[in-house]
Each structure stands twice: as structure tokens, then as C-alpha cells.
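Me: I'd like to learn how to read a helical chain from its atoms. Could you walk me through one?

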Amino acid sequence: MQNAIISYVLTLAVFMPASGFLADRFGTKKVFIFSLILFSLGSLFCAFSQNLTHLVISRVVQGVGGSLMTPVGKLALIKTFDKSELLKAMNFAIIPALIGPVLGPLVGGYMVDYLSWHWIFFN
């Protein structure tokens, strides 16, 4: 499983700097929608992977989507809201990102115990 984790984190680190360039070149909305679709497809591929190689490749696809999603989403908030409303909008957007790491291990652990490890990617 170490390979699956490292492949995701390394992909995030490599592709995150390109997110701003891609958003400027193709548009924030298009890049954000593309990243959502790519991340969702990566999660679906992870769930249906049958061996470690497929899981690692799927995590790379998921990592590319995730590396574009986070910075471009924040960029969309910055472009959309006025300075006076920006802090409230950022806090509202960050709350789900903080709840996920708290509930993820609980729900994922339950799914792994009673279903199979594939189900954590549908979470």
C-alpha cells in the first residue's frame, strides 16, 4: 500500500504547480470541472482495480485531478467573491475538507471491515 500512497502524494507535488498556468490558459471553470471529472474517474478506477499495479496507476490519475482541484477551486473563490466576503467564502469551502479526514477513517474502516477495501474509494 505504500506504493499507492506515494504515487498519489508524488503526483500531487508534481502537478500542483502547473494548476495556475492551466487555469490561466484554459480558464478556471474548465480546469476545475476537468479536475473534478478526473478525480472522480480516478476514484472509480481505484475502486475497480484488481491488483497493486492498477491501483497505483489509478491513484496517479486521481492525484492529477486532486492536484488541479484544490488550488483552482481556491482561485475560483478569489475571482468570484469580493475582498470583504472572501474570508467567509474560504471558511465555508474549507469546512468539508476538514470534516473528511475526521470521518474518512471511521467510515472507511467500517467499510473495509464489513465490505472490502474497494468501497473506501466510493466514500
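This is a predicted model: local features need pLDDT of at least 70, side-chain atom pairs count only at pLDDT 80 or more; totals for chains, interfaces and linings use all residues.

Me: What share of the residues counts as buried?

Reply: Buried means under 20% relative accessible area. Of the chain's 123 residues, 29% count as buried.

Me: And which elements does the chain have?

Reply: There are five helices and zero strands, so from the N terminus on the order reads α-α-α-α-α. As for contacts with a separation of 6 or more, 69% of them are between residues 24 or more positions apart.

Me: Let's take one helix. How do its residues get sorted into sides?

Reply: An α-helix has 3.6 residues a turn, so residues three or four places apart point the same way. In helix 1, the buried residues are A4, S7, Y8, T11 and L12. Looking down the axis of helix 1, these buried residues fall within an arc of 130°, so they line one face of the helix. Q2, I5, L10, A13 and V14 lie on the other side of helix 1 and are exposed.

Me: What covers the buried residues of helix 1?

Reply: Their cover includes helix 3 (28-48) and helix 4 (52-80).

Me: What span should helix 1 have, at 1.5 Å a residue?

Reply: Helix 1 has 14 residues (residues 2-15), so it should span 20 Å. Its end C-alpha atoms are 20 Å apart, which agrees.

Conventions: Residues are numbered from 1 along each chain as its sequence is written. Side-chain values use heavy atoms; hydrogens and water are left out. Helices (H or I, at least four residues) and strands (E, at least two) are DSSP runs, numbered from the N terminus. The expected span of a helix is 1.5 Å times one less than its number of residues. Buried means under 20% relative accessible area, exposed over 50%, partly exposed in between (1.4 Å probe, protein chains only). The arc is that of the directions from the helix axis to the C-beta atoms. Contact means heavy atoms within 4.5 Å.
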